[in-house]
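Keep the structure open beside you as you read.

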Amino acid sequence: MKPGDWKKEKSLPVALLICGILFDAATAAYPPLSLGAWDGLRMRLFRLARVAAVALPLLALFLSRLAARVGSDSATARRARRAMIFGAAAMPLVLAAAALTRLELRMFLPLPALAVVYATFSASLLARRAHPAELWGWRLIAASTAAGLVMGLYAFDAPLLGNFAGAYDGALRAAIRGVHEAAIVSGMTLIFLCQVFGKKGAPDEDRSHRYRRRQAADA
């Protein structure tokens with residue numbers, strides 16, 4: 001990928017991240033007053049909207065950096081970037097709209113959720129050429145977002161599973177949420193550390209060294 005292309009690829013995730021941070025800061029300074037109890041459906045949707053507004057643009061930026069290093073020209077990388085950007089933009093919008101207006105709008109959540117799951121699984125395929133820690137970071141996030149799809153069948157009063165896992169403040173629901181959140185945070189931390197502190201081009205350099213050693217041995 002050319003330097004100019006990389007700037008274009010990262011500009012939209014960065015813009016989404018800035019918007020998400022501003023949204024989170026504004027709602028922290030001026031919280032909504034009419035969304036009901038803290039464990040009510042509207043407040044749960046709104047809290048998730050705040051988290052998604054920052055976390056998903058960060059994932060989109062991480063994915064763009066990964067694709068720029070290991071797979072920028074592949075169809076998989078292009079589709080994964082588009083899916084992640086769509087999910088990063090649509091997920092907080094749908095959640096906030098459902099919380100602030102009509103709760104029925106939450107039925108559109110599977111669209112951005114499926115896009116994010118597709119993007120993270122595609123990233124885990126691209127990351128096979130990256131550092132092993134980054135690969136496992138993407139795998140953790142892919143597994144957790146896939147689990148989030150199942151959680152969505154009961155988490156927001158969906159008509160499919162009902163109270164399958166018990167009440168919102170029950171021990172089982174709290175444990176499931178804790179594992180889900182820990183996997184996301186751990187995965188993002190691994191990816192961040194590898195992308196910030198890892199050596200650029202290390203996997204390709206290692207392969208070139210191994211190739212030269214094999215040539216020398218054959219000679």
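The largest pocket has a volume of about 1,300 Å³. Bear in mind that this is a predicted model. The pocket is lined by 40 residues, and Leu48, Gly148, Met151, Phe156 and His180 are the closest to its centre. Two or more lining residues come from each of helix 2, helix 3, helix 4, helix 5 and helix 6. Helix 2 is the main contributor here, giving 10 residues to the lining, the most of any element.

**The nonpolar core**

Next, have a look at how the nonpolar side chains gather. The largest nonpolar core has 47 residues. Within this core, the residues with the most contacts are Leu45, Leu59, Leu63, Leu66 and Trp138.

**Helix 4 up close**

Helix 4 is worth a visit of its own. It covers residues 110-126, which makes 17 residues, and reaches 24 Å from its first C-alpha to its last. That span is close to the 24 Å expected at 1.5 Å a residue. The buried residues of helix 4 are Pro112, Ala113, Ala115, Val116, Val117, Ala119, Thr120, Ser122, Ala123, Ser124 and Leu126. What covers these buried residues? The cover includes helix 2, helix 3 (75-100) and helix 5.

Alanine 113, a member of helix 4, makes a handy example. Is alanine 113 buried or exposed? Its relative accessibility is 17%, and under 20% counts as buried, so alanine 113 is buried. Leaving aside neighbours within four places in sequence, alanine 113 is in contact with Met91 and Leu149. The C-alpha atoms of alanine 113 and alanine 83 are separated by 9.8 Å, and these two residues are 30 residues apart along the chain.

**Salt bridges**

| Aspartate 24 | Arginine 50 | 2.8 Å |

Start with the salt bridge between aspartate 24 and arginine 50. Aspartate 24 lies in helix 1 (residues 3-29) and arginine 50 in helix 2 (residues 41-70), so this pair ties together parts that are 26 residues apart in sequence. Aspartate 24 is partly exposed at 25% relative accessibility, and arginine 50 is partly exposed at 26%.

Arginine 69 counts as partly exposed at 32% relative accessibility, whereas glutamate 134 is buried, with a relative accessible area of 1%.

Glutamate 104 is partly exposed, with a relative accessible area of 48%. Arginine 102 has a relative accessibility of 56%, and over 50% counts as exposed, so arginine 102 is exposed.

Technical notes: Residues are numbered from 1 along each chain as its sequence is written. This is a predicted model: local features need pLDDT of at least 70, side-chain atom pairs count only at pLDDT 80 or more; totals for chains, interfaces and linings use all residues. Side-chain values use heavy atoms; hydrogens and water are left out. A salt bridge is a side-chain nitrogen of Lys or Arg within 4 Å of a carboxyl oxygen of Asp or Glu. Helices (H or I, at least four residues) and strands (E, at least two) are DSSP runs, numbered from the N terminus. Buried means under 20% relative accessible area, exposed over 50%, partly exposed in between (1.4 Å probe, protein chains only). The expected span of a helix is 1.5 Å times one less than its number of residues. Contact means heavy atoms within 4.5 Å. A nonpolar core is a set of buried Ala, Val, Leu, Ile, Met, Phe, Trp, Tyr and Cys residues joined through side-chain atoms within 4.5 Å. On a 1 Å grid over the protein atoms alone, a cavity is a set of points where a 1.4 Å probe fits but cannot get out, and a pocket is an open set with protein on both sides within 12 Å along at least five of seven lines; lining residues have an atom within 4 Å of a point. Grid points are joined across faces, edges and corners, and a volume is the space filled by probe spheres set on the points.
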